[in-house]
Amino acid sequence: MSDPSPDNLQLTGTGRLRNFIGIEGLPRHILEEILDTAASFVDVGDRAIKKVPLLRGKTVFNLFFEPSTRTRTTFELAAKRLSADVLNMDIARSSTSKGESLMDMLRNLEAMSADMFIVRHGDSGAADYIARHATPDVAIINAGDGRHAHPTQAMLDMYTIRHYKGGFAGLKVAIIGDILHSRVARSQIRALTLLGAEEVRVVAPRTLLPADIESMGAIVCTRLEDGLRDADVVIALRLQKERMDSALLPSESEFFRLYGLTSERLLATHPDAIVMHPGPINRGVEIASEVADGERSVILHQVTFGIAVRMAVMSMCMSGRETERDDSQTQGRSNATTR
Amino acid sequence: MQPHADLLIRKARVIDPATGRDEIADLLIEDGRLSRIGASLDAPGAELFDAEGLWLIPGLVDTCVRLPEPASGRTGTLASETRAAAAGGITHMAALPDTDPVADNPAVVRLIRERAIKAGLARVMPIAAMTQGLAGSQLSEMQTLKEMGCIAVSNAGYPVQDTLILKRCLEYAATFNLLVIFRPQDAALSAGGCAHEGPVSTRLGLPGIPAVAETIDMARILLLVAETGVRAHFHQLSCADSVALLRDARARGLPVTADTSIHHLLLDQHAVAGFNSLCHINPPLRRSEDRDALLAAVADGTLDAICSQHTPLGASAKLAPFPATSAGISGLDTLLSLTLKLVEDGQLPLMRALDALTQAPARCLGVPAGNLEYGRLASLCVVDGAARRVPGEGWHSAGRNSPWLETSLPGAARLTVCEGKITWQSA
């Protein structure tokens with residue numbers, strides 16, 4: 001079929017990032033470049049003037065087809081710290097989620113000389129779809145599509161892990177909770193396996209595990225104690241309350257009793273294990289307050305790193321595209337000279 | 001519409017799976033009827049068609065198509081789609097009742113038949129809705145609809161969930177010796193799904209439709225078929241376990257037949273990787289093991305027929321993120337060529353492949369077609385088996401929703417005759 005492969009969609013001809021749709025299809029060195037670039041941005045937030053001029057004059061649209069104040073805010077902050085102009089579009093899902101109306105909306109935004117779309121959408125594949133159908137002049141960054149991917153969240157998690165653990169080799173990581181509906185878990189599994197973690201365990205009852213998740217490189221544990229044993233990193237996922245309504249779980253209390261993170265359960269992990277959560281947390285459902293606020297918790301640092309990681313992804317996509325443009329112009333000139 | 005001129009097709013390789021005939025011969029159509037097959041026929045005044053180097057086969061019979069009239073959400077007209085059929089060598093097609101309004105009353109059935117006859121390019125055989133509005137709660141007037149020309153009843157893509165109502169449907173259909181057609185799929189197990197539940201749907205985060213959604217419904221239906229003795233046909237089986245259920249039912253002597261779509265014989269779940277919505281179909285494309293099992297079942301005749309599951313959609317139907325796109329492939333243009341691709345790839349012997357497109361589907365539907373029988377209005381197709389074509393060039397259906405538009409495929413229909421009339425001719 002004629003569709004470009006996912007890596008073509010995300011990389012320039014010279015292998016630089018141009019869109020950020022998902023971890024799949026990216027080489028390891030790009031992920032490492034994102035982490036390294038983010039490291040250079042982490043202290044921007046501590047400066048008196050919290051801005052760098054990398055995206056000055058650029059216009060970034062936050063296209064949120066699904067409400068999310070937190071993610072949108074961190075993207076907005078990241079874009080502003082890069083000196084971009086930011087416009088937030090909260091689009092009611094009902095009015096523009098389908099077909100041509102979505103296309104029409106994209107054309108309108110492109111006509112306003114947009115440089116970047118940050119896309120959050122309830123359908124898996126939405127960011128991929130927009131990247132294929134929007135003008136190639138606009139960079140697309142996936143801020144979460146259905147159950148498919150949430151790559152900036154995964155990269156801020158990778159940043160956090162590298163910050164506390166120094167690297168990924170030999171690490172055992174346990175991801176606990178609603179794996180089935182989680183785009184975060186899918187992107188984390190991709191990133192962790194690519195970056196060389198030793199074991200990625202997914203821990204959940206079978207109702208919350210997607211079919212053939214092992215094919216992504218994860219090890220399935222249906223008992224929490226098996227998942228936590230000697231783990232270096234423990235990631236709890238948010239459990240949506242509506243899962244109880246669709247007979248995936250009997251109750252929040254039974255879930256907490258069997259899969260909730262408590263201080264006592266964490267004794268089974270490696271003594272230096274860190275505890276992470278993509279937020280927002282449900283205290284007493286997937287994680288006990290004593291753990292969320294405890295000394296192993298790095299949850300609030302994740303948020304801080306999240307801004308730096310999003311700055312890194314945005315600036316890399318923009319510079320990848322500028323290099324691409326420069327290259328094609330240079331090529332155009334040399335062609336002209338030849339003639 | 002051409003008048004019933006006599007037509008002499010000369011020096012064709014005549015292949016008729018119904019009799020096993022495969023020989024170079026002439027074929028004569030007189031007054032629209034197939035009158036003779038033999039060496040060096042002489043017919044003064046008859047129009048001549050030189051078929052040297054070409055195959056002459058019965059007109060194709062497609063068990064499962066969705067037509068755009070009367071219906072919203074699909075594109076084209078009965079004229080455009082029957083033209084696509086004729087150009088693809090198809091002379092007979094069974095049309096699903098999931099139109100809008102639903103084909104559950106004589107007026108809609110009459111409209112479909114009249115428009116098809118007006119277009120005059122293929123025999124459209126309506127399948128009546130088994131329940132009113134396909135809602136699964138009240139029987140349709142099955143016998144009246146049969147008398148109107150419907151060849152079977154079906155609830156199409158809306159399987160009757162209430163087992164008591166389903167049982168009554170089958171009992172009522174059995175009373176009048178009606179064929180009942182099923183597309184088995186459990187509603188709860190498939191709700192919201194858009195891809196085979198497996199590694200690809202997991203990777204892409206697409207809500208899945210597990211194979212068991214099909215087999216659990218099929219098993220339930222088979223138990224009721226055994227109970228009621230109704231004649232049953234299954235549309236579009238998609239997985240190995242369904243083939244096993246079918247084989248077992250046949251072994252027990254149940255009166256059941258089945259088809260699968262040509263797309264399920266050529267593609268598997270990996271076709272939707274990259275969110276390729278052109279391969280979004282229902283039932284979904286499954287594992288390669290399922291594809292292998294379906295192919296083996298077609299080869300040994302367990303699966304009787306190959307259908308196009310034609311669903312012509314407008315461009316906007318596929319222009320959305322994958323889960324929001326409409327399911328379906330526009331299939332009439334490619335049914336013959338894709339089946340010949342299976343032959344070319346060594347997956348099916350030619351005779352069985354042609355059987356699965358002609359005699360076998362006609363037998364499943366209980367219609368007099370799909371063979372080269374003397375005396376009947378002639379329905380046949382002359383095929384250039386050596387031709388290669390890229391279907392997107394010269395596409396006929398109003399729906400261009402096909403993953404095959406740019407693939408070079410074998411075979412092309414040079415002449416199609418439907419019930420004595422030439423419906424397609426190309427150089």
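How many residues lie between E17(B) and E18(B) in their hairpin? There are 2 residues between E17(B) and E18(B). In the turn, B:Glu419 has a positive phi of about 50°.

Some ground rules before we go on. This is a predicted model, in which local features need pLDDT of at least 70 and side-chain atom pairs count only at pLDDT 80 or more, while totals for chains, interfaces and linings use all residues. Residues are numbered from 1 along each chain as its sequence is written, and chains are lettered from A and ligands numbered from 1 in the order in which they are written.

Now the labels. H and E names are DSSP runs, numbered from the N terminus: helices are H or I with at least four residues, strands are E with at least two. Two strands pair if DSSP finds at least two bridges between them.

E17(B) and E18(B) run antiparallel, joined by 4 bridges. Within that pairing, B:Val417 stands opposite B:Ile422 of E18(B).

Is helix H1 of chain B mostly covered or mostly open? Mostly covered: 9 of the 10 residues in H1(B), residues 78-87, are buried. Buried means that 20 or more other C-beta atoms lie within 10 Å of the residue's own, with C-beta atoms placed from the backbone. Among the buried ones are B:Leu78, B:Glu81 and B:Arg83. What do they pack against? The partners include strand E17 (409-418) and strand E18 (421-425) of chain B, the two hairpin strands. Helix H2 (106-119) of chain B is also one of the partners. Just after H1(B) comes B:Gly89, with a positive phi of about 80°.

Staying in chain B, look at the sheet. An open sheet of 8 strands runs in the order E6-E7-E8-E9-E10-E13-E14-E15, with parallel pairing. Its edge strands are E6 (60-65) and E15 (305-307) of chain B, and each pairs on one side only. On average, neighbouring strands are turned by 30° against each other, direction ignored. For that angle, axes are lines fitted to C-alpha atoms (for helices over the stretch in contact), and angles run from 0 to 180 degrees between N-to-C directions. Take one pair from the sheet: E13 (residues 231-234) and E14 (residues 256-261) of chain B run parallel, with 3 bridges. There, B:Phe234 stands opposite B:Ala258.

Over to chain A. Chain A has 13 helices and 9 strands. With 339 residues, a compact globule would have a radius of gyration near 20 Å, and the 21 Å of chain A agrees. That radius is taken over C-alpha atoms, and the globule rule is 2.2 Å times the number of residues to the power 0.38. The C-alpha trace of chain A spans about 75 × 45 × 40 Å along its principal axes. Of its 339 residues, 47% count as buried.

Chain A has an open sheet too. It holds 4 strands in the order E2-E1-E3-E4, with parallel pairing. A:Asn62 has A:Ile118 as its bridge partner in E3(A).

How is chain A divided? An automatic or database assignment sets the domain bounds. It gives domain 1 (6-150 + 307-333) and domain 2 (152-301). Their centres, over C-alpha atoms, are 27 Å apart. The contact takes 21 residues from domain 1 and 20 residues from domain 2 of chain A. Contact means C-beta atoms, placed from the backbone, within 7 Å. H2(A) gives the most to the domain 1 side, with 5 residues.

Last stop, the two chains together. In all, 30 residues of chain A are in contact with 21 residues of chain B. On the chain A side, H5(A) supplies the largest share, 4 residues. That side divides into 11 nonpolar, 10 polar and 9 charged residues. Nonpolar here is Ala, Val, Leu, Ile, Met, Phe, Trp, Tyr, Cys and Pro; charged is Asp, Glu, Lys and Arg; the others, Gly among them, are polar.

Terms used: Buried ≥ 20, exposed ≤ 12 C-beta atoms within 10 Å, placed from the backbone.
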